[in-house]
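Reader: I have a structure open and I'm new to it. Can we go through it together, a bit at a time?

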Amino acid sequence: MRLAVIPARGGSKRIPRKNIKSFCGQPMLSYSIKAAQDSNVFDDIIVSTDDPEIAALAEKLGASVPFMRPESLSDDFVGTRPVTNHAIETYRDRIAPVTYCCCIYATAPFIQPNYLREGYQALLDAPEKAFAFSVTSFAFPIQRALRLVQHPDQTMGVSVMYPDSINKRSQDLEEGFHDAGQFYWGTAEGYASSKGMFSEHSIPIVLPRHLVQDIDTQEDWHRAELMYQAYINR
C-alpha cells in the first residue's frame, strides 16, 4: 500500500484559507492532488484536514477524506510528521496497512509527478533508507552570509557569519542545499521510528530552483504566481 497524505488544515493565519485560495485560477490544493494522481504511484490519495469545506473540495478534486484530523493536531504548533503519523496509523486501523507513505504539502503548485516517481523509486532502490524528500540548492553561497547588527547608537551594520569563507571564490565554496518543502516519502516503519528526516536516513531528490518557492506570506504568494506563469503556465 502506497499512501499519499496531503495535510491541509483550515486555520492558516498569514494567508487566510491558503490551502483552498485560488492560485492562477485553481484552488491551491488542486495542484498537489493532481500531481499525485498523475504520478500513478499511489494506491490512495487522502487529505488530512480538520475543515469540512477543505474536505468537500478535496473529494471533489478526486482525493479521499476517510477521516477528519483531530483538533489536537490542527493548531499552529503541530509539525508535519505527527500529522503524517496520525494518518498512517488511522488508515491502518480503519482501512489497510501502509507500506510506503508520501506526505505532500498542500501549498506546492510547482510539484511535478516525475519527481514523486523518482522519490518512490529511490526508496525501492535503497531499502536501508527510511525517507526520500525534495531539496534544492541555495542560489547564493551560504558561506558568504551576513548578519545584521544594531550598534549601541541604534545605527545598523553587518557582520560576517563565516569569516574564513567571505573572501573565497564562489567556485571554491561547497554548494548548499535546503528542504524544498514539496514532498516527503518514507516507509511506514521509518515514519514510526525515531529516525530523523534530515539525516543519513534520507535520500535527497534534487529539484531545480525554478520549481521551488515557499508560500508563507502575501509576497511569497505573488512571487509564486509570477513564477508559475513564467515557467509552468506557458
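Predicted model: local features only at pLDDT ≥ 70, side-chain atom pairs only at ≥ 80, totals over all residues.

Reader: Which residue forms a salt bridge with Asp-216?

Author: Lys-18 does, and the closest N and O atoms are 3.9 Å apart. The pair links distant parts of the chain, 198 residues apart: Lys-18 is in the loop between S1 and S2, and Asp-216 is in the loop between strand S10 (202-206) and H6. A salt bridge here is a side-chain nitrogen of Lys or Arg within 4 Å of a carboxyl oxygen of Asp or Glu. Helices (H or I, at least four residues) and strands (E, at least two) are DSSP runs, numbered from the N terminus.

Reader: And Lys-18, buried or exposed?

Author: Lys-18 is buried, with a relative accessible area of 14%. Arg-14, Lys-18 and Asp-216 are linked in a network of salt bridges.

Reader: How many salt bridges in the whole structure?

Author: A search finds 8. One of them joins the side chains of Asp-51 and Arg-17, at 2.8 Å from N to O. Those two are 34 residues apart, with Asp-51 in the loop between strand S4 (44-48) and helix H2 (52-60) and Arg-17 in the loop between S1 and S2. Asp-51 is buried at 13% relative accessible area, while Arg-17 is partly exposed at 28%.

Reader: What is the phi of Arg-17?

Author: Its phi is positive, about 60°, although Arg-17 is not a glycine. Cys-24 is not a glycine either, and has a positive phi of about 50°. Cys-24 lies in the loop between S2 and strand S3 (26-27), and is partly exposed with a relative accessible area of 21%.

Reader: Changing topic, at what angle do H1 and H4 pack?

Author: Helix H1 (residues 28-39) and helix H4 (residues 113-125) pack at about 60°, with their axes 8 Å apart. That makes H1 oblique to H4. Angles under 35 degrees count as roughly parallel, over 145 as roughly antiparallel, 65 to 115 as roughly perpendicular, and the rest as oblique. The axes are lines fitted to C-alpha atoms, for helices over the stretch in contact, and angles run from 0 to 180 degrees between N-to-C directions.

Reader: Now the surface. Which residues make the nonpolar patch?

Author: Leu-146, Leu-148, Met-156, Val-158 and Val-160 make it, and the patch is about 500 Å². Patches are made of residues with over 30% relative accessible area and no salt bridge, where like charges are joined within 9 Å and nonpolar side chains (Val, Leu, Ile, Met, Phe, Trp, Tyr) within 5 Å. Accessible areas come from the Shrake-Rupley method with a 1.4 Å probe, and for residues only the protein chains shown count as cover.

Reader: Which strand gives the largest share of the patch?

Author: S8, with 3 residues. Strand S7 (146-150) and strand S8 (156-160) each supply at least two. Val-160 is in S8 and is partly exposed, with a relative accessible area of 31%.

Notes: Residues numbered from 1 in each chain as written. Heavy atoms only, no water. Buried < 20%, exposed > 50% of the residue type's maximum accessible area, 1.4 Å probe, protein only.
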